[in-house]
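Student: Hi! Could you walk me through a structure that I have just opened?
Tutor: Happy to, let's look together.

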Amino acid sequence: MERNISHYFDWAATSPADEAILKSALEKSLSVYANPSSQHSAGSDARNALEEERKKIAHIIGVNEKSLYFTSGGTESDQIVLLSLLSRPQKGSLVISAVEHPAIREQTQALKNCGWNVISVQSDKNGFISADSVLSKVQSDTALVCVMAVNNETGAIQPIYEIADKLVQSSQGKRKPHFHVDAVQAAGKIALDIAHQGIDSAAFSAHKIKGPRGTGLLYLKNALTPFLRGGGQEHGIRSGTENLFGAIAFSECLSRYWISSKNPAAESRFKAQEEFTADFIKKLRSLPFCSLIPESRGSDDSLPFSPWVVQASFKNIPGQVMVRALDAKGFCISTGSACSASKQSRPILEAMGVLPELRQNAVRFSFGFDTEKKAMDELFCAIEEIGNTFNK
């Protein structure tokens, strides 16, 4: 059954694809079908096409083209950096925020099992990680620091530039830990300066901004030694035959949706979403059975949140029940990260100190470029109706 895309509110899990971009990318990739590593002319054509897309992306996001590596997605981009630690002869420590995506959080547990000391930085009650709290956890043997740009469940925009600056300042005269940023929920969603000093690497995923699944990008300011080896593609950082279709499509999506002053259409859409979401939150706050997570959302304008993600909890309605109730009315939402949707625990909300009942009843609404104000109004009406039914 075909779904009404205007009633799809799970963009943080994946976005509906930009059909025109994917069709165009497929057509281009069909014309350069050879393996980019092949030495014949057809292979050279494919290689040239791949490098052209790399150059386009580098220009869009403002980095050196030699610092970009195509991957299979955000998870792999994160884990190339994390697993590179296993190539080091000496073990040490790494520092991660307590509100990281499972791609970071779960992999660091594997590193812990290999002898690395994993140090967690707790968030405040609003889900934010302070630069000072990060610095307080860094030790003399800390090799890596990981803090995401935008939280995938609450929309909290973390102070990655301040963290980067303080890591640089504190490392004068000694080795600075590698600072990695999971930018999956930030790219094409908020203005982003990955070339900022002190940021050493960043992970991106195409399917969050209307691109194809299975396509990602890794920014590395300086090359590292990968743990996984193979044919040596992507300058040895990510072996495996390159996904030319995905690279072309991702390039076009970034060109259309990357938010910067050079892209007024994307900037305008971002500002419109800020207004849509502010109104949506105001309406949610008016419901006696609704609690925003964090509670400060919509009441403290000094706190930076992405307008594309809203988390809320509803009295007497477990999260899974709300998901099913809204789905029955034609609205798609989620209880949190799609990567851990089958699990009952909510590590990010636990890290924020959210009460157990609120955690159990929490759901996530996430929006995208095609989201209309009218559809968000209809979503609110459906929430209000369901909430009143369960709270008579």
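Student: How many bridges join β8 to β9?
Tutor: Four bridges join β8 to β9 (residues 309-314), and the two strands run antiparallel. Strands are DSSP runs of E with at least two residues, helices are runs of H or I with at least four, and both are numbered from the N terminus. Two strands pair if DSSP finds at least two bridges between them. This is a predicted model, where local features need pLDDT of at least 70, side-chain atom pairs count only at pLDDT 80 or more, and totals for chains, interfaces and linings use all residues. Residues are numbered from 1 along each chain as its sequence is written, and side-chain values use heavy atoms, with hydrogens and water left out.

Student: Which residue stands opposite Cys290?
Tutor: That is Phe314, in β9.

Student: What is the strand order in the sheet?
Tutor: The order is β8-β9-β10, an open sheet of three strands with antiparallel pairing. β8 (290-293) and β10 (362-366) each have a single partner strand, so one side of each has no neighbour in the sheet.

Student: And which helix lies across β8, β9 and β10?
Tutor: Helix α8 (residues 264-285) does, running at about 10° to β9. Axes are lines fitted to C-alpha atoms, for helices over the stretch in contact (heavy atoms within 4.5 Å), and angles run from 0 to 180 degrees between N-to-C directions. Helix α9 (residues 319-328) also packs on the sheet, where α9 touches β9 and β10.

Student: Zooming out, how many helices and strands are there in the protein chain?
Tutor: The protein chain has 12 helices and 10 strands. Its C-alpha trace spans about 70 × 50 × 35 Å along the principal axes.
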